[in-house]
Amino acid sequence: MYLKQRLRQLHMNDDAMILDRQLLVATMALLIIGLVMVGSASISMAAGKLDQPFYYFTRQFLFAIVGLGIGWLTYSVQLSTWQRYAPHLLIFGTILLVLVLIPGVGRLVNGSRRWLPLGPVNIQVAEIIKLLAIIYIADYLQRHYGQLKTSFFKIFAPLFLLVVAAGLLLSQPDLGSVVVILSTVLAMLFLGGARLDVFAALITALGAGFWMMIWIEPYRMERLQSFMNPWADPFDSGFQLTQALIAFGRGDWLGVGLGSSMQKLFYLPEAHTDFLYSILAEELGLVGAMSVIVLFFIFVWRALVIGRAAEIAGQVFAAQLAYGIGIWIGLQACINMGVNMGALPTKGLTLPLMSYGGSSLVIACIAIGLLFRVDLETRYPEKAAARLR
């Protein structure tokens with residue numbers, strides 16, 4: 001009798017502590033679809049180059065397990081701990097960006113120095129700095145809550161460290177990550193109550209800065225020109241985009257069938273990483289491509305709902321953290337899918353939770369763990385403090 005009562009009590013507690021179901025379903029669906037598509041998109045290349053057809057799928061699966069495990073550990077840590085160390089975390093991330101640029105320490109791949117080798121894996125520091133920047137800005141907005149509307153300099157103060165980090169990212173070079181980070185930070189500052197005139201000035205200045213970065217680097221200008229008319233040079237500068245567009249065209253409504261893509265057979269470069277969405281559209285058609293968009297929409301919607309609930313509860317750090325994570329994941333997904341569809345210039349940004357890459361996947365899982373933690377502390381603050389660290 002006692003055992004039955006105890007089990008009933010535990011069941012009630014579990015129900016009370018349940019995760020946001022819609023966010024959980026969207027996250028797991030994106031993760032599973034991503035695993036399946038990484039396996040499908042990489043099987044030919046892995047078999048041809050490594051004689052191991054499931055090499056990339058196996059690694060991505062292990063990354064997913066590690067990411068989910070670390071994400072759960074993140075979920076078990078109180079938000080106050082992250083807030084306490086927010087500035088230190090950003091400084092740590094900036095130091096990692098410096099290490100990446102040191103010859104012999106950072107790894108050079110395809111002309112870009114973006115990875116720190118750590119045994120059998122390579123860590124892409126840009127993925128880490130995205131999350132650390134969000135944590136830092138969320139802490140700043142908590143500490144200066146209500147002051148951004150009255151003070152001109154309060155808006156610029158948190159950007160100094162981020163400008164340093166952005167400069168280091170541009171040295172790799174990685175303009176795409178800079179765009180994602182600064183755009184997310186600007187959105188957080190706007191939601192945090194920044195003055196509209198200063199906010200508009202920041203957008204203008206950053207827009208001019210991004211255009212200058214494109215103008216002074218010939219390869220970036222070439223990418224922009226090839227994006228505007230990829231068919232003008234389909235076998236050189238426009239090759240990747242034209243092959244992606246062919247994949248979309250072949251997919252039609254329902255796709256050619258899982259595993260039946262032609263473009264992944266050494267036609268489309270980076271088919272399992274940056275251009276995974278094109279292979280998905282080819283094999284699963286418009287229905288599959290639209291389903292992924294809907295899943296990302298649900299993810300961003302739930303993140304904003306969780307952030308709004310935290311804001312109403314007076315938890316500014318938690319609210320801005322949720323806003324930042326939702327905007328970051330949604331923005332990066334939009335950029336990646338836009339690049340695949342030819343709506344945006346080519347950038348080396350992964351599709352969150354789906355594209356092959358351990359750093360991207362693990363950091364996304366950590367961010368989602370934080371998002372679930374925001375929801376937990378907002379809905380059940382007493383239970384969260386009693387049950388978890």
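**Whole chain**

Start with everything shown as a cartoon, and keep in mind that this is a predicted model. The chain holds 16 helices and 3 strands. Colour by burial next: of the 389 residues, 49% are buried.

**Helices α2 and α13**

Select residues 21-50, which form helix α2, and residues 276-312, which form helix α13. The two pack with their axes 9 Å apart. The angle between them is about 155°. Angles over 145 degrees count as roughly antiparallel, so α2 is described that way relative to α13. Look at how they cross: the crossing is left-handed. Then show the side chains where α2 meets α13. The residues of this contact comprise 19 nonpolar, 4 polar and 2 charged.

**Ser360**

Move to residues 358-379, helix α15, and pick out Ser360 within that helix. Is Ser360 buried or exposed? Its relative accessible area is 7%. The cut-off for buried is under 20%, so Ser360 counts as buried.

Which residues does Ser360 touch, leaving aside neighbours within four places in sequence? Select Glu127 and Thr350: Ser360 is in contact with both. Zoom in on Thr350. Its side chain makes a polar contact with the side chain of Ser360, at 2.9 Å.

Definitions and conventions:
Residues are numbered from 1 along each chain as its sequence is written. This is a predicted model: local features need pLDDT of at least 70, side-chain atom pairs count only at pLDDT 80 or more; totals for chains, interfaces and linings use all residues. Side-chain values use heavy atoms; hydrogens and water are left out. Axes are lines fitted to C-alpha atoms, for helices over the stretch in contact, and angles run from 0 to 180 degrees between N-to-C directions. Helices (H or I, at least four residues) and strands (E, at least two) are DSSP runs, numbered from the N terminus. Angles under 35 degrees count as roughly parallel, over 145 as roughly antiparallel, 65 to 115 as roughly perpendicular and the rest as oblique. A crossing is left-handed if the near helix is turned anticlockwise from the far one by less than a right angle, and right-handed if clockwise. Ala, Val, Leu, Ile, Met, Phe, Trp, Tyr, Cys and Pro count as nonpolar, Asp, Glu, Lys and Arg as charged, and the others, Gly among them, as polar. Buried means under 20% relative accessible area, exposed over 50%, partly exposed in between (1.4 Å probe, protein chains only). A polar contact is a pair of N or O atoms within 3.5 Å; within protein, one must be able to donate a hydrogen and the other to accept it, and residues adjacent in sequence count only if both atoms are side-chain atoms. Contact means heavy atoms within 4.5 Å.
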